[in-house]
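Hi everyone, and thanks for coming. I'd like to walk you through a structure that may be new to you, so please have a look at it while I talk.

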Amino acid sequence: MRAPDSPVAGVLDALGQFVGVPVAAGDRLETDLGLDSLELATLAATLRDRFGDRVDLSDYLAGLELDQLIELTAGQLAAFVAERTRE
Amino acid sequence: MSRFLFVVPPLLGHLRPAAAIAAELTGRGHQVAWTGSLMTLRPVLGEQALIYKTGTRIHRPQADRGLASLRSLWAEFIVSYAKFTRPAVTKAVAGFEPDVLISDQHTPAGALVAHAAGLPWATLACSTIELTRPYRQLPRVEAWIAAQLARICADAGVAAGTLGFDLRFSPHLVLSLTTAELAGPPVTDAPAGATAAVRQVGPCFGPRAEEPDFDWDWLDPRRQLVLISAGTLAAELADGFYRRALQALAGAGDRWQAVLVTDPASLPEPPEHVRIVSRAPMLELMPRLSAVVCHGGLNTVSEALAHGVPLVVAPIRHDQPVNASLVAAAGAGLRISFSRFSPDQLRDALDAVLTQDGYRAAAARIARSFTAAGGSRTAADYLEGLANTMSRSASRLAFAEREAR
């Protein structure tokens with residue numbers, strides 16, 4: 001069982017604060033949450049402040065194909081942050 | 001006198017500025033013809049226009065946003081439309097024998113045909129998306145666009161690498177319908193040198209079709225007038241937008257009047273200080289407006305800025321997020337999230353652009369840059385220049401060939 005301050009819960013919380021509504025892991029960032037690529041840049045800064053320099057969202061997004069970016073979910077983003085903060 | 005052939009998509013936002021430039025050219029005694037969808041072009045261009053029809057393949061209004069709209073624009077429209085219309089454009093060139101071809105940036109059939117025929121051609125950039133490089137942080141998205149361009153070339157039997165130019169950028173002339181004051185200098189993901197021929201001529205406004213009636217007596221000079229228009233939106237998107245807008249306006253009847261441009265039947269009866277009209281006399285209203293709320297289509301943004309009117313922009317797709325950011329960065333307005341803005345956020349944003357002087361001053365600065373850029377007149381100057389240079393060099397070449405014999 002996940003601790004409440006686990007990276008995954010933390011990312012969903014950070015996203016929820018960012019968009020102003022509760023966010024579920026299955027929500028797609030663009031289609032469901034209405035985040036555009038410009039807002040993702042702002043989100044990248046928010047996540048770095050909260051989770052540290054190793055969480056480089058721009059670097060992660062730069063590696064994704066167009067189709068993957070369109071389908072990108074809050075849960076995938078959380079998994080990326082979890083992986084980068086695990087040591 | 002020269003002949004100019006316009007190759008355009010069936011999209012109103014692209015047709016209006018093209019028609020404005022064409023009107024300037026015909027006013028100077030030149031001949032203009034068009035290729036495109038007869039059904040879409042005829043009502044905008046009028047009965048007199050010479051149209052070589054390509055057949056109609058309507059790009060249906062989409063409900064998708066952001067990157068999903070980028071994908072459908074290319075995969076479902078630009079690529080297939082180029083393939084579908086190329087034979088008709090080739091026929092139009094043979095029939096009209098233009099001196100110069102003008103190819104909209106999103107109908108590259110024009111570029112392919114002009115190149116194959118050895119015609120001088122210009123690109124018409126009606127959108128900011130190809131000239132601001134919004135996906136520079138997403139290299140695989142830029143690579144995907146390059147692959148679509150390669151597909152268009154392959155469909156035409158051309159190896160993309162042998163063209164020597166990017167289909168979106170004529171090496172002779174690219175007319176960009178904005179100014180550096182708003183959009184900055186042009187930047188692109190196309191190979192180096194692609195922007196060398198870009199000329200920022202500013203927005204091109206032409207004579208509009210008959211303006212609809214309006215209840216001018218309703219206007220109250222003691223209150224600030226706001227126009228709210230989201231253009232041609234898929235109904236399910238528009239509905240929520242206008243409902244939230246109505247809520248944002250609810251308590252402001254003592255300070256503001258607002259005109260909402262949408263189907264009046266789609267919304268509840270508005271309060272006294274709000275009018276809902278299906279069409280608004282935009283040009284007559286503009287000088288009286290204190291702010292415009294829109295989704296950031298370049299034509300509406302440019303019309304507002306040309307009148308020094310600040311904006312609140314809630315962008316959805318294509319170049320709208322870019323335009324919203326350009327407006328905000330220039331200080332001429334504010335950007336809000338189309339999907340997520342609350343009535344309170346819209347009211348606060350409107351209150352800011354209506355009461356703080358900086359926004360109007362920045363909009364006025366951009367208006368001056370538009371005037372200086374010259375719009376349709378400057379665009380026509382460049383196109384005439386292209387026709388003259390090319391016909392001179394063509395006749396020199398013919399002369400040299402005769403001499404050689």
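This is a predicted model: local features need pLDDT of at least 70, side-chain atom pairs count only at pLDDT 80 or more; totals for chains, interfaces and linings use all residues.

Take helix α1 of chain B, residues 12-27, and helix α2 of chain B, residues 38-45: their axes cross at roughly 45 degrees and come within 11 Å. The crossing of α1(B) past α2(B) is right-handed. Who meets whom here? On the α1(B) side we have Leu12(B), Leu15(B) and Ala19(B), and they meet Leu41(B), Val44(B) and Leu45(B) of α2(B). By class, that contact has 6 nonpolar residues, with no polar and no charged ones.

Here is a second pair to set beside it. Helix α3 of chain B covers residues 66-96, helix α5 of chain B covers residues 139-155, and the two pack at an angle of about 10 degrees with their axes 9 Å apart. So α3(B) and α5(B) are roughly parallel to each other. From α3(B), the residues in this contact are Leu67(B), Trp74(B), Ile78(B), Val79(B), Ala82(B) and Lys83(B). Their partners in α5(B) are Val141(B), Ile145(B), Gln148(B), Arg151(B), Ile152(B) and Asp155(B). Sorted by class, the contact of α3(B) with α5(B) has 8 nonpolar, 1 polar and 3 charged residues.

Let's step back and take in chain B as a whole. How many helices and strands does chain B have? There are 14 helices and 13 strands. Its C-alpha atoms fill a box of roughly 85 × 45 × 35 Å along the principal axes. For 405 residues, a compact globule would have a radius of gyration near 22 Å, and chain B has 22 Å, so the two agree. Of those 405 residues, 47% count as buried. If we take the contacts in chain B with a separation of 6 or more, 67% of them are between residues 24 or more positions apart.

Chain A is next. Its secondary structure comes to 5 helices and 0 strands, and along the sequence the pattern reads α-α-α-α-α. The C-alpha trace of chain A spans about 30 × 25 × 20 Å along its principal axes. With 87 residues, a compact globule would have a radius of gyration near 12 Å; chain A has 12 Å, so here too the value agrees. In chain A, 34% of the 87 residues count as buried. Among contacts in chain A with a separation of 6 or more, residues 24 or more positions apart account for 64%.

And where do the two chains meet? In this model, 17 residues of chain A are in contact with 19 residues of chain B. On the chain A side, the elements that give two or more residues are α2 (37-51), α3 (57-62) and α4 (66-71) of chain A. The residues on that side divide into 9 nonpolar, 5 polar and 3 charged.

As background, most residues other than glycine have a negative phi. Glu97(B), though, has a positive phi, near 50 degrees. You'll find Glu97(B) in the loop between α3 and β4 (100-104) of chain B. Is Glu97(B) buried or exposed? It has 12 other C-beta atoms within 10 Å, so Glu97(B) is exposed.

Arg133(B) also has a positive phi, about 50 degrees, although it is not a glycine. This one sits in the loop between β5 (121-125) and α5 of chain B. With 15 other C-beta atoms within 10 Å, Arg133(B) is partly exposed.

My last stop is Thr378(B), in helix α14 of chain B, residues 376-404. Thr378(B) is partly exposed, with 19 other C-beta atoms within 10 Å. Leaving out residues up to four places away in sequence, Thr378(B) touches Val201(B) and Ala373(B). From Thr378(B) to Ile102(B) we go 276 residues in sequence, and 15 Å in space from C-alpha to C-alpha.

Conventions:
Residues are numbered from 1 along each chain as its sequence is written. Chains are lettered from A and ligands numbered from 1 in the order in which they are written. Axes are lines fitted to C-alpha atoms, for helices over the stretch in contact, and angles run from 0 to 180 degrees between N-to-C directions. Helices (H or I, at least four residues) and strands (E, at least two) are DSSP runs, numbered from the N terminus. Angles under 35 degrees count as roughly parallel, over 145 as roughly antiparallel, 65 to 115 as roughly perpendicular and the rest as oblique. Two residues are in contact if their C-beta atoms, placed from the backbone, lie within 7 Å. Ala, Val, Leu, Ile, Met, Phe, Trp, Tyr, Cys and Pro count as nonpolar, Asp, Glu, Lys and Arg as charged, and the others, Gly among them, as polar. The radius of gyration is taken over C-alpha atoms; the globule rule is 2.2 Å times the number of residues to the power 0.38. A residue is buried if 20 or more other C-beta atoms lie within 10 Å of its own, exposed if 12 or fewer, and partly exposed in between; C-beta atoms are placed from the backbone. A crossing is left-handed if the near helix is turned anticlockwise from the far one by less than a right angle, and right-handed if clockwise.
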